[in-house]
Structure formats: structure tokens, C-alpha cells
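Subject: A structure for you to look at

Hi,

Here is the structure I promised to pass on.

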Amino acid sequence: MRRLPRVALLPLPLTLALLVAAGAPEAPVSAPRSLVWGPGLRAGVVLPVRYFYLQAVNSQGQNLTRSPPGQTLFKVVIKSLSPKELVRIHVPKPLDRNDGTFLMRYRMYETASEGLKIEVLYGDEHVAQSPYILKGPVYHEYCECPEGDPQAWQKTLSCPTKEPQIAKDFASFPSINLQQMLNEVPKRFGDERGAIVHYTILNNRIYRRSLGKYTDFKMFSDEILLSLARKVLLPDLEFYINLGDWPLEHRQVNEIPGPLPIISWCGSLDSRDIILPTYDITHSTLEAMRGVTNDLLSIQGNTGPSWINKTEKAFFRGRDSREERLQLVQLSKENPELLDAGITGYFFFQEKEKELGKAKLTGFFDFFKYKYQVNVDGTVAAYRYPYLMLGDSLVLKQDSMYYEHFYMALTPWKHYVPIKRNLSDLLEKVKWAKENDGEARKIAKEGQLAARELLQPHRLFCYYYGVLQLPSNMHFRNTRSASPANRKYVMGWSSFLSQMITCPRASASGKDLPEKSFKSAPIDSPASASDRLKASLQTEAGLR
């Protein structure tokens, strides 16, 4: 008879540790004790996709830190308060964020005049204070229903009172010479190769004029400005948006003439552009649960396996838009146990394809099967970075001169691990992460939590409005001479432009401004997304 091998008994603390690592079941969920909160529970927070959060809590009052065992039993039911009012509302399944919290989303296609009833259930049991009553009207995304009091709108959205990046950007412009801006921007940046759009907002109507050949991306700036104008009364003003990749204004503050206020989607250490959230995260926010798969909400429920089950390698897939990306592939070939990197499309370095090979496309959600994510610049800042930060992998971020609107709030070694510009320490950092798994996991979690706070969709609307509203101490000046007849005018941006563009042919100095400065095509809000897309691609159209 064969003798069974002797089973060694493990010390109790080690046994418990292994049970935790293996995913020992937590106590059952208590529906009444669980927590529900978020902007989607407030009628006045009008967003393309409304959302709120749920924290699962057990019967002992402890927050769950992993998904409840078994199939997710949480669900949301949303109905109009009036049985006579039929309102189309798309309510998908909750997004499990794999840390005991869930993200609930819904998109409205009609306004609920009487209001909404939101039931949050665990099985058949109401969660927390469910049902939640939103008294009407509850507007849908395309309702032309702007709040007339911008401060009330900002308060409803819980907009931050300060945005450090906005303050930093406008520090280069203690005053702005309107005449200089209107004269110089078209000449310096509006040539045939330009990608500039001149916008005017007047009486909450938006007008634009394209300057240059490469302005197709105005569809992205159009859609967010129109969306904002449907939600809140915008100030009267004029501005220029750069639709190209690179920031444009490189003049120093102390130069004469000084820098011009150009708005861009990406900033750099050697430029003075005013930064907005990128067109990528802006468009994905507007088209969430409809026209896009990856957005700031969906990514949070698709972060791959738990930390202990992720592949212990650094991962990268992307185009050949920067030479360091080619270096990544070479490093990967030489160190496959540490790095899995591949180029999915060649444009800039086509001659390298035969040498380095071409990798198959990988779905973005599958990136998070790997424990470490390498973020390397493209032509400018890599616009994947916010999505990587929302995952639960450790981000290894290349040192860069480029930045997006939220970078100032992030700290190296707290929210991500920095790597040198030339990638010379990348392998060293991957080895460090593998040898210090607890610390690496802590940094990954801190980064994820910061991104969840900074990149909430309603915060994007707050940020856009903050740039258009401008700092309260911002001044415009229009200077012709020091004579009494043409004295210097210094006043607030909004008050100056209210006078200027209400009577567009008269300048503050009493002389005409070039008529072409004000010949912009009005933009209206078409009824459907397809109409909006077609309209945005039309050449300079008349009133629609």
C-alpha cells in the first residue's frame, strides 16, 4: 500500500496570510449599511452620462475591499416620477471596480419634467437611503436649458474653487492687449498650415472662423462648447483654440511684444499656451455609453485581474510617434522577462518595421492584465495617460516637457514611478517594482484614487468653464496712444468684450476693428449626433 505524503502544518499567521492572498471570502453585504453618493443623485447636475458611486459594507459596518463573492447582486432601476411621462433612460449594469466599490451610470434621452425615482437594490433589498427622488425637471444632455446663474451652476456641480493649472496658465497674462491678439494671431498662426479656430461667444451663442488648412478637429471643440452652452450661461468673449498637437506660443512673459493667449489641449515647459482637457477625454465623456468604448467611467470597471493575478511585466502598445517607443521595443526583445512592448502602426519610422516587427492591436482593457504600464510620449503628451492612471496597474511615466491639465496634482513616487527621458532606468525601475511589490501596489492605488477624483466627468465641465470664465483679476487692454482722445482702456475681460462684440464694428478706442475679425459662422445645436458630426465637418457654413 502506498503511503500518502505527510502534510506539513503551517503556522497560523502564515495560513491566514495565504487565505487573504487567495481571496478569502469577506462577510456578506449589508444593503442598509452600504453607502451611495455622487453627482448622479442631484437633478441639477446635467451630464451626458450621469453617474454615482456605491460602497459595499458588511453587516459589521466594515467597507468591503474586494468584490462581494458570487454574482453581482447590485442593480439600479430608474423611472419617471409621473406614470404618464415616458422617459427613455439607458441604465447598464453596475461597473465593479474590484475594490468593494461600484460605479452606477445612466444616460437620459428625454427630460423628466416631474422628476426621477432611482432605486438602488441589492437583490430585492433597498441599498442605503434608496429610493432616491430627483425632483424635476431633470434635463437630458441635449436640452437647451442653460442655468442663468453660473455661480449656482458651479455650486451644484461642486466645482473646485481653484484650479492650480488655470491660475498658472493665466499668470503669464496679467493683462491682454485685445488689438494685438486680434491682429497677430491670424498672421502668426493662421497661415495655410495653421490649425487655429477663432471663437466668439455672444448671448450664449457660439460663432467660429477657421484659420488655416488643418482645422477638422474643430468638431471636438464645437461639441464641448455647445454642450456647455446648453447647461450654463457662458460669458461673452473671444478666444483662439489651437487644434494642432503642439503648443504654439513660445514668447517669454518679459518679451516685447509679449505672449498671446492661445488655448491648446496640451502644454509644454517652453510654451505659454492656456490648457484645456484634451479632445480625447472630452469627446469620450460626451459620447460615453454611446459612441465610444473607452471613457473615464467605463475604464474603471475594466481594470483586469486583481493585483496578485496580473502578469509581472511592464507593458506597452502604441504607434511609432516617438523614437523612445522604438527603444522600448528593442528593450523588450532583449529583456522579455521584464518588458512586453510592441509598435502597432508605423508612420514616422517606416524603415524600422522590418527590424522591429509590428505587434497586433490589443484592446485597451487588456493592458491591465499586466502589473506595470509604461507611459511614453507620442508627438506630445501621451493621451492614454489618464486612462492608465484610472486602472489598477503601476504607471511608469517618462519624464516629459509636455503636460495635460491635471498633471500638477500628481506627485512622482506617490502616484506613479518616474523614468528618465531616455528610458535608461526603465528596466531598473521594473526590477524595483517586482522586488518591492507592496510599495508598488500602494503607489498604483494612490495614483488610481487621485485620478478618480481629478478625472470625474463633471470636473471636466467645471474646468472648461473655469478657463472661459477667467480669473477675476484678469484685465484686457486696448492701447492706441496716451492722448486723451485715445486713452488706455483697462477693464475686465467679460465687461470689455460685452461692449466690443455687441457693437462689433466699434473698438474701445472709437475706431473700427477689421470686419473679418467678427465674420464667424454661427454654430447651433443639431438634434442628433449624426447631424452634429456632419455639421462640424462642413466648410464655413451659414446659420444652421
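Asp-392 and Lys-310 form a salt bridge, with their closest N and O atoms 2.9 Å apart; the term means a side-chain nitrogen of Lys or Arg within 4 Å of a carboxyl oxygen of Asp or Glu. Asp-392 sits in the loop between α9 (385-390) and β20, while Lys-310 sits in the loop between α6 (279-286) and β17, so the pair links distant parts of the chain, 82 residues apart. Helices here are DSSP runs of H or I with at least four residues, strands are runs of E with at least two, and both are numbered from the N terminus. Asp-392 has 16% relative accessibility and so counts as buried, and Lys-310, at 5%, is buried too. (Buried means under 20% relative accessible area, exposed over 50%, and partly exposed in between, using a 1.4 Å probe and protein chains only.)

A word on the source: this is a predicted model, in which local features need pLDDT of at least 70 and side-chain atom pairs count only at pLDDT 80 or more, while totals for chains, interfaces and linings use all residues. Residues are numbered from 1 along each chain as its sequence is written, and side-chain values use heavy atoms, with hydrogens and water left out.

Back to the charged pairs. Side chains of opposite charge can pair when their charged atoms come close. How many salt bridges does a search of the whole structure find? The search finds 20. One of them joins Glu-141 to Arg-230, with the closest N and O atoms 2.9 Å apart. Glu-141 lies in the loop between β9 (132-135) and α2 (150-156), and Arg-230 lies in helix α5 (residues 218-231), 89 residues apart. Both Glu-141 and Arg-230 are buried. Another salt bridge is between Arg-208 and Asp-222, at 3.0 Å between the closest N and O atoms. This pair connects strand β12 (residues 205-211), which holds Arg-208, with helix α5, which holds Asp-222. Arg-208 is buried at 1% relative accessible area, and Asp-222 is buried at 3%.

Now for the sheet. Five strands form an open sheet with parallel pairing, in the order β18-β17-β19-β20-β22; two strands pair if DSSP finds at least two bridges between them. Strands β19 (residues 370-375) and β20 (residues 394-398) pair over four bridges, and Val-374 stands opposite Leu-396 in β20. Helix α10 (residues 426-435) packs on the sheet, touching β17 (311-319), β18, β19, β20 and β22, where contact means heavy atoms within 4.5 Å. The direction of α10 makes about 160° with that of β22; axes are lines fitted to C-alpha atoms, for helices over the stretch in contact, and angles run from 0 to 180 degrees between N-to-C directions.

Happy exploring!
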